[in-house]
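Colleague: Before I use a model, I want to know what stands behind the words used to describe it. Please go through the terms with me.

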Amino acid sequence: MAKYLVGLYNDEEKLLAAVTAFQQERIPIHEVCTPFPVHGLDQALGLRKSRLPDAAFVYGALGTLTALSMQIYMYTIDWPTNIGGKSSLPFPSFIPITFELTVLFAGVLMFLSYLYVNRLYPGRRARVYDRRQTDDSMVIAIADERDWEAAKRLFQKTGAFEMKIVEL
Amino acid sequence: MFESPIREPLILGRKTYQQITTDLASPILSPASWKWYVTTAFTAMLMFAGFAAIGYTIWVGIGTWGLNKTVGWAFDITNFVFWIGIGHAGTLISAILLLFRQRWRMAINRAAEAMTIFAVICAGLFPIIHMGRPWLLFWFLPIPNTHGPLWVNFNSPLLWDVFAISTYFTISLLFWYTGLIPDLAMVRDRAKPGSFAYYAYSILSFGWTGSAKQWQRFEAVSLVLAGLSTPLVLSVHSIVSFDFATSILPGWHTTIFPPYFVAGAIFSGFGMVLTLMIITREVLNLKDYITIEHIDAMAKVTLATGMMVGFAYATEFFIAWYSGSYWERYIFLNRAFGPYWWSYWAMVSCNLLIPQVFWFKKLRRSPWFVFIISIFVNIGMWFERFVIIVTSLHRDFLASSWRMYAPTWVEVTILVGSFGLFLTLYLLFARYLPVIAAAETKSILKTSGDQYAGISWEAYRARKQQPAPSPVLHPAMDPDAPHS
């Protein structure tokens with residue numbers, strides 16, 4: 001069971017100002033939870049850009065290669081069929097399935113990666129600091145007890161409407 | 001940022017974040033009314049009647065249908081194309097409108113995506129039962145087999161369909177569920193801890209907490225899935241149209257089919273979204289979210305796509321004449337004036353003529369009127385597929401094999417049953433899942449509602465007659481503001 005000092009805000013502008021204030025005072029923030037995506041929060045926290053879109057590109061390329069090699073192997077190498085003397089390597093006919101598998105691989109594998117990096121899975125216990133964090137309140141959690149005194153002052157100064165210590 | 005209200009706010013009723021949560025989570029966590037049970041029981045009855053008819057078809061065989069030697073595709077494939085078309089609006093609204101930054105989509109995208117998924121489920125049923133021997137479905141899959149292995153035919157658009165529709169279903173489902181996870185967490189945290197609902201929504205919400213990193217990844221995934229879905233949605237109905245266009249049959253062998261089918265799919269999809277949304281906003285009391293503005297905007301899309309479809313009808317006729325092909329010209333004259341003339345004119349009036357009323361703003365903004373028109377759109381688009389399939393087939397190249405087609409009770413029951421399945425799934429969705437994307441709606445509350453910018457919309461309205469207020473510059477954008 002770890003203990004956290006938690007401050008709650010009800011306005012995303014106050015939250016952004018508070019996050020900036022914590023960064024300036026060099027008090028490490030353990031986590032910020034919000035009920036909806038707050039624009040600019042990732043920059044304020046200095047989060048690295050998500051690499052999921054890059055991963056999706058790789059997955060998509062994998063799908064393209066899978067589709068093409070599957071069709072060429074089955075239709076051209078393993079059992080070439082002569083249909084009216086037409087080519088047994090009909091690239092135009094391969095386009096629809098190649099496109100669909102590209103999208104399928106990129107989408108499915110990206111979704112699975114998303115769940116994996118977020119550690120989301122069915123039945124996982126949600127570590128919720130305050131139930132209002134999925135409703136209307138934004139939460140800043142401070143983990144290190146040595147920072148709590150300074151953090152309390154900062155929570156008050158930046159307009160948190162509530163402060164509490166949560167055990168998770 | 002300029003703070004001059006130009007358009008109506010996207011969400012009415014001066015909502016706070018908490019009100020949005022309450023409006024969406026409380027119908028899920030409180031007991032359903034008897035009306036919901038009665039309606040769901042009725043649609044489930046239709047669904048089971050349809051399942052019984054499907055069972056009868058599989059047990060006895062395709063001979064229970066009205067098909068004959070000449071008309072080999074009829075009711076069944078009509079229903080398939082109809083449902084696939086319905087399934088296009090959801091992804092269009094959520095993906096294409098997301099890329100175009102149309103924020104009004106946020107009130108309707110969740111329900112429209114759900115509708116997409118349910119419609120694709122209905123559509124998927126039909127080709128499978130049409131095979132007659134559905135237990136041989138695996139012949140469609142490129143898997144090693146004992147026949148050689150003899151592989152599937154990659155030249156066949158029917159095989160492309162298998163890939164396109166299964167990909168479309170999977171991606172739509174993932175896109176929908178990605179958006180649902182935060183909202184399911186919202187419902188979880190409103191439920192009483194220890195209650196059944198709490199455990200159910202805990203499992204469904206995958207342990208979402210809404211941390212900054214999760215949201216950052218959420219937005220990245222949403223954007224990429226939207227980017228992938230946009231060409232996907234266009235490809236699916238194009239490939240469905242290839243089923244017809246790559247044949248040599250007059251009336252089917254047409255290069256206009258892919259764009260024509262895609263426009264028709266958007267048209268019918270928006271028709272169905274309007275039908276369901278107008279009822280949903282009444283019943284679940286969501287008029288502040290799904291506003292008259294939304295109905296107005298969707299009616300405009302319906303009008304535009306209806307005219308595209310009408311233009312395609314005209315182009316087909318022109319090309320039939322201009323091609324100089326005797327057979328092509330005959331099939332089109334037969335469509336409009338042959339024994340199935342009534343289906344052709346039902347299609348033209350429902351899809352092209354009746355939606356013209358949407359030129360009038362008053363009519364676009366009257367929900368019940370739009371509801372009635374949307375029903376006509378649904379009927380018209382069903383007839384469009386019937387016209388394309390049956391009228392082209394029933395008189396083929398050999399006059400001695402000309403036949404008429406009429407459905408049997410089995411086919412009609414399966415169609416009714418597919419509506420039962422669709423509506424039952426939709427009713428379950430509306431009861432147990434948040435029908436509006438709550439987190440996304442909260443994120444646009446500030447920028448869309450002036451209550452946060454200090455002026456209420458009512459106050460602005462009252463001032464509307466006076467000269468426009470000078471725009472207020474945000475301090476960060478104001479070059480004259482003193483630097484802090």
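What follows is a set of questions on those terms, each with its answer.

Modeller: One caution at the start: this is a predicted model.

Colleague: What makes B:Arg385 count as buried?

Modeller: A residue is called buried if 20 or more other C-beta atoms lie within 10 Å of its own. B:Arg385 has 24 C-beta neighbours inside 10 Å, so the residue counts as buried.

Colleague: Where does B:Arg385 lie, and with which residues is it in contact, leaving aside its neighbours within four places in sequence?

Modeller: B:Arg385 is part of helix α14 (residues 367–394) of chain B. With neighbours within four places in sequence left aside, its contacts are B:Thr78, B:Val81 and B:Phe82.

Colleague: Why is chain A described as more spread out than a compact globule?

Modeller: For 168 residues the globule rule gives 15 Å, and the radius of gyration of chain A is 25 Å, well over that value, so chain A is more spread out than a compact globule. Along the principal axes, its C-alpha atoms fill a box of roughly 80 × 30 × 25 Å. Chain A is divided into domain 1 (3–49 + 127–167) and domain 2 (52–117), and the centres of these domains, taken over C-alpha atoms, are 45 Å apart.

Colleague: What is the pattern of chain A, read along the sequence?

Modeller: The pattern is β-α-β-α-α-α-β-α-β, made of 5 helices and 4 strands. Chain B, in turn, has 17 helices and 0 strands.

Colleague: Why is strand β3 of chain A said to be largely enclosed?

Modeller: The same cut-off of 20 or more C-beta atoms within 10 Å applies. In strand β3 (residues 138–142) of chain A, 5 of the 5 residues are buried, so the strand is largely enclosed by the rest of the structure. A:Met138, A:Ile140 and A:Ile142 are buried on one side, and A:Val139 and A:Ala141 on the other.

Colleague: Which strands are joined to β3(A) by bridges?

Modeller: Two strands pair if at least two bridges are found between them. Strand β1 (residues 3–9) of chain A has 5 bridges to β3(A) and runs antiparallel to it; A:Leu5 has A:Ile142 as its bridge partner there. Strand β2 (residues 31–33) of chain A has 3 bridges to β3(A), also antiparallel, and A:Val32 is partnered by A:Ile140.

Colleague: How many residues does the contact between the chains take from each?

Modeller: It takes 51 residues from chain B and 55 residues from chain A. α8(B) gives the most to the side of chain B that touches chain A, with 16 residues. The residues of that side divide into 27 nonpolar, 18 polar and 6 charged.

Note on methods:
Residues numbered from 1 in each chain as written. Chains lettered and ligands numbered in written order. Predicted model: local features only at pLDDT ≥ 70, side-chain atom pairs only at ≥ 80, totals over all residues. Domains from an automatic or database assignment. Contact = placed C-beta atoms within 7 Å. Helix = DSSP H or I, 4+ residues; strand = E, 2+ residues; numbered from the N terminus. Nonpolar A, V, L, I, M, F, W, Y, C, P; charged D, E, K, R; others polar. Rg over C-alpha atoms; globule rule 2.2 N^0.38 Å. Buried ≥ 20, exposed ≤ 12 C-beta atoms within 10 Å, placed from the backbone.
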